[in-house]
Amino acid sequence: LGSVLLQMARTQKNKATAHHLGLLKARLAKLRRELITPKGGGGGGPGEGFDVAKTGDARIGFVGFPSVGKSTLLSNLAGVYSEVAAYEFTTLTTVPGVIRYKGAKIQLLDLPGIIEGAKDGKGRGRQVIAVARTCNLILIVLDVLKPLGHKKIIENELEGFGIRLNSKPPNIGFKKKDKGGINLTATCPQSELDTETVKSILAEYKIHNADVTLRSDATADDLIDVVEGNRVYIPCIYVLNKIDQISIEELDIIYKVPHCVPISAHHRWNFDDLLEKIWDYLKLVRIYTKPKGQLPDYTSPVVLPYCKTTVEDFCMKIHKNLIKDFKYALVWGSSVKHNPQKVGKDHTLEDEDVIQIVFF
């Protein structure tokens, strides 16, 4: 790993070296994958305290350096007891807590301080990031007095484990085939990838026959992400803690930074703003149920992730056998043209719709 990083550092970046750099990046991605993929055989789980069962409607992972106030924030948000002390590395295992917000149950996980080098297999970072990969949202908690250095280090750690923050999968078509060589199609001008670079990256993966379609100006890293196929794309909020230690002018500047929420965990300042942003980024959809002849139950919605909001998804969330006897549904709300509207199992529901299922 070290020798590949050294070679990359020594290679000048220009057109002539683009395919060589692409090859080195592919080699690096493969080495990192081998480092973080547990070897087969043998007992032993992912490590004590890291096997946290997923509960509730969404899972949020709190990531940050030791002593930035993560545990205080978690304790004050959830009322969960998490041992808090003013020395580093207090939290040694993931401490789960659950908050109820707008009818949804949201699991909060305090992931122990990620140290530099976690992605290279050092410390307990491997297990921590394995849990981070299962989160629906990541909160990177930063000390407002030293945010940028910490932010970059943590982002690098997460990137190294195949976690992509606040981004969408690259718009690249990739299909392996049995023969015919590498066929590259670009639907727009490319500043980094040419046929030679693409071939050298794929050769590193022993792929010599494939169709590759670049639908946006893609980088070598984008192509590697698609070939690796194990990347997760997770929204992220940067929580800048300890704002009681800065001026109003500095606070005004922070408010303009994208994906940032300034807070004071100790004084419980600006928690409303943070919760509202969490809700926006989770994009959860609440569906209220209405038994026949009764008023809708607005107290406990069925909560669905934004990518799975059909009537069938709703039925599956309650019980997988419901769909077997499903006849049609009556829906009230913004997803229908008139209230109520009779819909089938493929109908897409929207936030705060009311549904009544009719069975055979």
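A residue is called buried when its relative accessible area is under 20%, exposed when that value is over 50%, and partly exposed in between, as judged with a 1.4 Å probe on protein chains only. The model is a predicted one, in which local features need pLDDT of at least 70 and side-chain atom pairs count only at pLDDT 80 or more, while totals for chains, interfaces and linings use all residues. Residues are numbered from 1 along each chain as its sequence is written, and side-chain values use heavy atoms, with hydrogens and water left out.

We can begin with the aromatic rings, where rings of Phe, Tyr and Trp (its six-membered ring) are said to pair if their centres lie within 6.5 Å, and the planes count as stacked under 30 degrees apart, edge-to-face over 60 and tilted for the rest. By this rule there are 2 aromatic pairs. One of them joins Tyr101 and Trp279 edge-to-face, with 6.1 Å centre to centre and 70° between the planes. Because Tyr101 lies in strand β2 (residues 95-101) and Trp279 in helix α9, this pair ties together parts that are 178 residues apart in sequence; helices (H or I, at least four residues) and strands (E, at least two) are DSSP runs, numbered from the N terminus. Both Tyr101 and Trp279 are buried.

Tyr288 and Tyr298 form an edge-to-face pair as well, at 4.9 Å centre to centre and with 70° between the planes. Here Tyr288 belongs to strand β12 (residues 284-289) and Tyr298 to strand β13 (residues 297-305), so the pair ties together parts that are 10 residues apart in sequence. With a relative accessible area of 8%, Tyr288 is buried, whereas Tyr298, at 52%, counts as exposed.

Next comes the nonpolar core, a set of buried Ala, Val, Leu, Ile, Met, Phe, Trp, Tyr and Cys residues joined through side-chain atoms within 4.5 Å. The largest such core has 56 residues, and those with the most contacts inside it are Leu73 and Leu274. Helix α9 (residues 271-282) gives the most to this core, with 7 residues. A second, separate core of 18 residues includes Ile201, Val212, Ala220 and Val227.
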